[in-house]
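Good morning, colleagues. Please look at the structure now on the screen.

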Amino acid sequence: MTADTLPVGPGLLAAIVVRTAIVLVVLVIGLRVLGKRRIGELNLFDLLLVLLIANAVQNAMTKSNQHLAVALVSAATLMLLGWIFAKAMTRWPGMERRLLGTPTVIVRDGQMLKQNMKHEGVTEDELMSAVRDQGLANVSDVQLAVMELDGFLSVVPKQHDEEG
């Protein structure tokens, strides 16, 4: 009988609790060592890294101790590669542009750039939501709107002269 076919009982459940706790502690320590990037700042590479780590540790939490060792080595490898890529992209900014792309201007001087919006998959409703989030009523009040690498729409209002 393998761990996969054991009946669910208190011993198996306790083992799952212990393995899950080990995975959590190792991932928290590993991700803490890698840096302090906030969730809202995840770029495409960060998102893929998180998804791959989740996949790598999935079976470790519910299967045998052998799965735990394999998952921890796999997760540690992914975190190390993530750290190496982050350092490389900091050292060579051109590498980040080639791998992750560049921000895209969506509005310039109050004018929607429809081709850029289409390319980025931004609808007028999404744009207007971001504009309203800045307390603006119209796109004509926007100096610049940019689709950032993390998918966030940054909106810069036009500066109005107070004198006139």
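By a nonpolar core I mean a set of buried Ala, Val, Leu, Ile, Met, Phe, Trp, Tyr and Cys residues joined through side-chain atoms within 4.5 Å. Please bear in mind that this is a predicted model.

Which members of the largest nonpolar core touch the most other members? Of its 15 residues, they are I106, V107, V122, L127, V142 and A145. Two or more residues are given to this core by each of β1, α6 (124–133), β3 and β4 (153–157). The largest share is that of α6, with four residues.

Let us take A145 as an example. Not counting residues up to four places away in sequence, A145 touches T104, V105, I106, V107, L127, S154 and V155. There is also a second, separate core of eleven residues, including I53, V57, A75 and M79. As a general remark, nonpolar side chains in soluble globular proteins tend to be buried together.

I turn now to strand β1, residues 104–108. Four of its five residues are buried, so the rest of the structure largely encloses this strand.

What are the pairing partners of β1? With strand β3, residues 142–147, β1 pairs in the antiparallel sense over four bridges. With strand β2, residues 111–112, the pairing is also antiparallel, over two bridges. R108 stands opposite L144 in β3, and R108 also stands opposite Q111 in β2.

Finally, the turn: β1 and β2 form a hairpin with two residues between them, and D109 in that turn has a positive phi of about 50°. Thank you for your attention.

Definitions and conventions: Residues are numbered from 1 along each chain as its sequence is written. This is a predicted model: local features need pLDDT of at least 70, side-chain atom pairs count only at pLDDT 80 or more; totals for chains, interfaces and linings use all residues. Side-chain values use heavy atoms; hydrogens and water are left out. Buried means under 20% relative accessible area, exposed over 50%, partly exposed in between (1.4 Å probe, protein chains only). Two strands pair if DSSP finds at least two bridges between them. Contact means heavy atoms within 4.5 Å.
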